[in-house]
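Reader: I have a model open on my screen and I'd like to learn how to read it. Could you walk me through it, feature by feature?

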Amino acid sequence: MAATGGSKLDMGGRPPRILIVDDEPGILELLRRRLEALGCQVAVLPGGSQVVAYAREHAPDLVLLDVMMPDLDGFAVCQQLKADPKTRDIPVVLMTARTETDSRVRGLELGAHDYVGKPFETAELIARVRAALRVKRLQDELKEANARLARLATSDPLTDLPNRRTFDEQIFAEMERARRSGQTVSVIMLDLDRFKQINDVYGHQVGDDVLRHVARVLAQRRRISDLVARYGGEEFVWVLPGARDRDAVELAEWVRRAVADLGVETPQGPLQVTISAGVTTYDPAEHGPLGATTVLEAADAALREAKASGRNRVIFRAIGPDAEDAGMMHDTVAQERPW
């Protein structure tokens with residue numbers, strides 16, 4: 001095997017993680033030393049039976065895999081790696097003394113990235129390792145770019161909360177789950193008080209800081225099952241599966257106080273921010289198969305009443321024909337709740 005040099009291998013600023021699988025200790029040691037000299041983090045296994053479990057836990061960037069092993073041959077290991085969603089994107093370079101075409105074709109059809117024969121020239125193997133790592137790096141960059149695009153499509157870039165589009169898609173599914181399960185769903189609509197005045201006096205940068213401030217308060221108390229979103233402009237919405245009216249009102253009061261108590265720093269000094277909130281609760285047993293629009297309209301009507309009656313307060317409005325007479329202002333102290 002010829003000596004090889006070349007620049008260090010890397011995965012976009014970090015050492016590549018490479019797993020070598022071979023039942024010959026001499027080959028394991030040789031490849032380990034050569035790849036570590038090129039800046040790789042190397043792990044070795046003497047057989048194929050532990051490869052998938054290791055790959056699932058440690059996510060190597062590349063697997064160098066011997067084909068002929070006594071416990072589980074490389075073809076079977078490659079097939080298992082490509083069948084597992086957590087490991088299928090890890091490139092596999094098969095190594096074997098078998099040179100017949102059928103063997104090479106089988107390995108490639110099972111999903112191997114490349115194939116190198118034994119005895120191999122180290123320079124050739126390193127070149128194939130470079131090529132496989134380059135492909136893996138491009139795959140990782142593409143995944144990251146797609147994830148960023150997905151976040152941009154579903155999240156509000158300023159607050160990192162779900163955006164209006166995502167909320168509209170999920171609220172209908174949440175209402176359908178409530179109808180099937182019979183559990184209540186409460187909705188809180190929140191709006192910053194005098195937000196235009198904040199922008200006019202302090203500037204839009206401070207206005208953005210205020211929106212992020214409110215979003216952090218909401219995210220701090222959100223349960224995994226809750227849906228919290230930026231609804232538009234300075235308005236937020238919180239959907240609470242399983243919450244009764246009293247629970248939702250207490251949570252809205254907690255948010256109102258938390259926002260008011262945590263001032264936002266500005267060049268002119270701390271700025272106290274207040275919010276108004278409208279709350280409603282949908283009970284399938286009481287209200288029947290209502291649509292999400294009706295529930296949101298009730299919460300929005302309660303919010304408008306909170307704004308009209310002086311701001312910095314929480315109003316609950318029931319759903320139904322008597323809703324006009326059901327608006328109530330609440331100033332209760334929030335009890336300890338799981339949300």
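Predicted model: local features only at pLDDT ≥ 70, side-chain atom pairs only at ≥ 80, totals over all residues.

Reader: Fine. What radius of gyration does the protein have, and what would a compact globule of 339 residues have?

Author: The radius is taken over C-alpha atoms, and the globule rule is 2.2 Å times the number of residues to the power 0.38. For 339 residues that rule lands near 20 Å, while this protein has 30 Å. Its C-alpha atoms fill a box of roughly 85 × 50 × 30 Å along the principal axes.

Reader: Which residues have the most contacts inside the largest nonpolar core?

Author: General idea first: in soluble globular proteins, nonpolar side chains tend to be buried together. A nonpolar core is a set of buried Ala, Val, Leu, Ile, Met, Phe, Trp, Tyr and Cys residues joined through side-chain atoms within 4.5 Å. The largest one here has 35 residues, and Ile188, Val210, Leu218 and Val255 have the most contacts inside it. At least two of its residues come from each of β6 (185-192), α7 (195-202), α8 (204-221), β8 (235-241), α9 (245-261), β9 (275-282) and β10 (314-316). The largest share, eight residues, is supplied by α9.

Reader: What does Val255 touch?

Author: A contact means heavy atoms within 4.5 Å. Setting aside residues up to four places away in sequence, Val255 touches Leu190, Val217, Leu218, Trp238 and Ile275. Apart from this core lies another, of 22 residues, with Ile27, Leu31, Leu35 and Leu125 among them.

Reader: Let's take a strand. Why is β4 described as largely enclosed?

Author: Five of the five residues in β4 (residues 92-96) are buried, so the strand is largely enclosed by the rest of the structure. Val92, Leu94 and Thr96 are buried on one side, and Val93 and Met95 on the other.

Reader: How many bridges join β3 to β4?

Author: Two strands pair if DSSP finds at least two bridges between them. Strand β3 (residues 62-66) and β4 run parallel, with four bridges joining them. Look for Leu65, which stands opposite Leu94 in β4.

Reader: Is Asp114 buried or exposed?

Author: Asp114 lies in strand β5, and it counts as buried because its relative accessibility is 16%. A polar contact is a pair of N or O atoms within 3.5 Å; within protein, one must be able to donate a hydrogen and the other to accept it, and residues adjacent in sequence count only if both atoms are side-chain atoms. The side chains of Asp114 and Arg128 make one at 2.9 Å. Beyond four places in sequence, Asp114 also touches Val92, Val93, Leu94 and Leu108.

Reader: What about Asp140, where does it lie?

Author: Asp140 lies in helix α5 and, at 24% relative accessibility, counts as partly exposed. Met11 is 129 residues away from Asp140 in sequence, yet their C-alpha atoms are 9.4 Å apart. Leaving aside neighbours within four places, Asp140 contacts Met11, Arg14 and Asp61.

Reader: Where is Asp160, and what is its phi?

Author: Asp160 is in the loop between α5 and α6 (164-181). Its phi is near 65°, a positive value in a residue other than glycine. Asp160 counts as exposed, at 59% relative accessibility. Arg311 has a positive phi too, about 70°, and lies in the loop between α11 and β10.

Terms used:
Residues numbered from 1 in each chain as written. Heavy atoms only, no water. Buried < 20%, exposed > 50% of the residue type's maximum accessible area, 1.4 Å probe, protein only.
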